[in-house]
Amino acid sequence: LSADDDPPPALEPTASPSAVAVAKTPKPVDPLYQAIWQSFIAKTPVMANYAAQGAATHRLVAFIRQHSDKDDPDSAPELAKQIVTKYWNMTQGRDKFWSKQPFTPMNLAAAGILDRVIQELRAVEKQQEVNGFIPF
């Protein structure tokens, strides 16, 4: 280059500053979701349509949070444990209908099934209350 020559033009950036790649931070997994999901996987390791099963688990979490005591942080996990345990026991019993039900989140989250499991839990609670009043 001679002194009379103009300097070469500056190179323009090929990417705009807003196009910078940013690694997404994975969303933290809800411990209640994880506990419910692991409970089902422990007993039914192979399920059809894992995406639908995951969505059903999210519906169960929403239901449990809605019906648990907001002031007691242990109430949601305890309610989840009661519901899943009761559903497991019902599917393992001798009742023809319940013994044919698959132990999956999607089946438990179905309106008629979940309602019946809740009804059974309430019946057990009422019986325990009655037993608490009997002095012997």
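**Charged side chains in an all-helix model**

At 23% relative accessibility, glutamate 120 counts as partly exposed.

A word on what you are looking at. This is a predicted model. The chain has 6 helices and 0 strands, so the order from the N terminus reads α-α-α-α-α-α. Of the 136 residues, 29% are buried. The accessible surface comes to about 10200 Å², and carbon and sulfur atoms hold 58% of that. Among contacts with a separation of 6 or more, 57% are between residues 24 or more positions apart.

Back to the charges. The whole structure contains 2 salt bridges. The other one joins aspartate 30 to arginine 65, with 2.7 Å between the closest N and O atoms. Aspartate 30 lies in the segment before helix H1 (31-43) and arginine 65 in helix H2 (residues 50-67), so this pair ties together parts that are 35 residues apart in sequence. Aspartate 30 has a relative accessible area of 25% and is partly exposed; arginine 65, at 35%, is partly exposed as well.

Last, the acidic residues on the surface. Asp69, Asp71, Asp72, Asp74 and Glu78 gather there in a patch of negative charge. Of these, glutamate 78 is found in helix H3, residues 75-92. Its relative accessible area is 40%, which means partly exposed.

How values were computed: Residues numbered from 1 in each chain as written. Predicted model: local features only at pLDDT ≥ 70, side-chain atom pairs only at ≥ 80, totals over all residues. Heavy atoms only, no water. Patch = residues over 30% accessible without salt bridge, like charges linked within 9 Å, V, L, I, M, F, W, Y side chains within 5 Å. Areas by Shrake-Rupley, 256 points an atom, 1.4 Å probe, with all protein chains shown as cover. Salt bridge = Lys/Arg side-chain N within 4 Å of Asp/Glu carboxyl O. Lys, Arg positive; Asp, Glu negative; His and termini not counted. Charge placed at Lys NZ, Arg CZ, Asp CG, Glu CD. Helix = DSSP H or I, 4+ residues; strand = E, 2+ residues; numbered from the N terminus. Buried < 20%, exposed > 50% of the residue type's maximum accessible area, 1.4 Å probe, protein only. Contact = heavy atoms within 4.5 Å.
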